[in-house]
Each structure stands twice: as C-alpha cells, then as structure tokens.
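Biologist: I am new to this structure. Could you walk me through it, one question at a time?

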Amino acid sequence: MAKFENEGAYVPSMLMLGHHRARKVTIKSGAGVLGEGTVLGQVTADKKYLKSILAANDGSQVPDAILSESVDATAADVEAIVYIAGEVDQDKLILGAGHTLGSVDAVFRTKSIWLVKPMG
C-alpha cells in the first residue's frame, strides 16, 4: 500500500501579481548573492546581468529585468529566470544603490513591467 508523506508546502512569493513573461539569462560571476526581486541590468559587452546600480557605466545601470529567485553568483556565472514583463509588487523589489522606485518605474514602463502597490 502506498504511503503519503508531507514533503513541505509551497508558499508563493507573490512578487508577480498576474500575467507575466520570463526568460533565462546569465548572472555574471562576481555579482554575489542576489535575492528574489532584485532589479537587474544587462552588461553591454557580454550581455550578462548584474544588480542594477545607477552609478555603473557598463550598461547595467539601466534596469532591464527582475530576478525570479535567489541566486549565488559569487564564484561563477549562474543561469537564472528573470521577469521581463508583467505586474510586480513594488514593495518586494530589491533596488541597487542610487535607484528609487521612481527611477526604475520610468524605465520599466517602457518594457511593459508595471510596478503595483497591492491593496489590502
């Protein structure tokens, strides 16, 4: 007879608030540990992603995507899924130095990423 065991529970993060689009990208080695909801920018030279920091000058200063789950890219490149369109809970974003919700919202709207303040 089959036995059923509790293997844990799935608890959604609710970062994304409805329909969304995602794709696989490469997080650049040396980026460190990045949490779910980190705003990422793409490095122009190699097309890899880093946490978007406003003072950067390699292309990654422009917000481009949102990390879907935590990753550790301290010692090696890591493949990760990022959100490239949809509605996102603005309170769950992790912003790089120099960025504000206003500065990332202005760029994200051109990419069909909408920052939302959930009601409730």
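Biologist: Where is T100 found?

Modeller: This is a predicted model. Strand β7 covers 78–89 and helix α1 covers 101–108. T100 is found in the loop between β7 and α1.

Biologist: Is T100 buried, partly exposed or exposed?

Modeller: Buried means under 20% relative accessible area, and exposed means over 50%. T100 has 43% relative accessibility, so T100 counts as partly exposed.

Biologist: How far apart are the C-alpha atoms of T100 and L54?

Modeller: Along the chain, these two residues are 46 residues apart.

Biologist: Now Q90. Is Q90 buried or exposed?

Modeller: Q90 sits in the loop between β7 and α1. The cut-off for buried is under 20%. Q90 has a relative accessible area of 18%, so Q90 is buried.

Biologist: Which residues does Q90 touch, not counting those up to four places away in sequence?

Modeller: Sequence neighbours up to four places away are left out here. The residues that Q90 touches are then L101, L115, V116 and K117.

Biologist: How many salt bridges are in the whole structure?

Modeller: One of them joins the side chains of R109 and D105, at 3.3 Å from N to O. A search of the whole structure gives a total of seven.

Biologist: What separates the closest N and O atoms of K28 and D46?

Modeller: K28 is in the loop between β1 and β2, and D46 is in the loop between β3 and β4. K28 is partly exposed at 26%, and D46 is partly exposed at 28%. Their salt bridge brings the closest N and O atoms to 2.4 Å.

Biologist: Which residues join into one network?

Modeller: Here, salt bridges share partners. The residues joined this way are R23, D64 and K111.

Technical notes:
Residues are numbered from 1 along each chain as its sequence is written. This is a predicted model: local features need pLDDT of at least 70, side-chain atom pairs count only at pLDDT 80 or more; totals for chains, interfaces and linings use all residues. Side-chain values use heavy atoms; hydrogens and water are left out. Helices (H or I, at least four residues) and strands (E, at least two) are DSSP runs, numbered from the N terminus. Buried means under 20% relative accessible area, exposed over 50%, partly exposed in between (1.4 Å probe, protein chains only). Contact means heavy atoms within 4.5 Å. A salt bridge is a side-chain nitrogen of Lys or Arg within 4 Å of a carboxyl oxygen of Asp or Glu.
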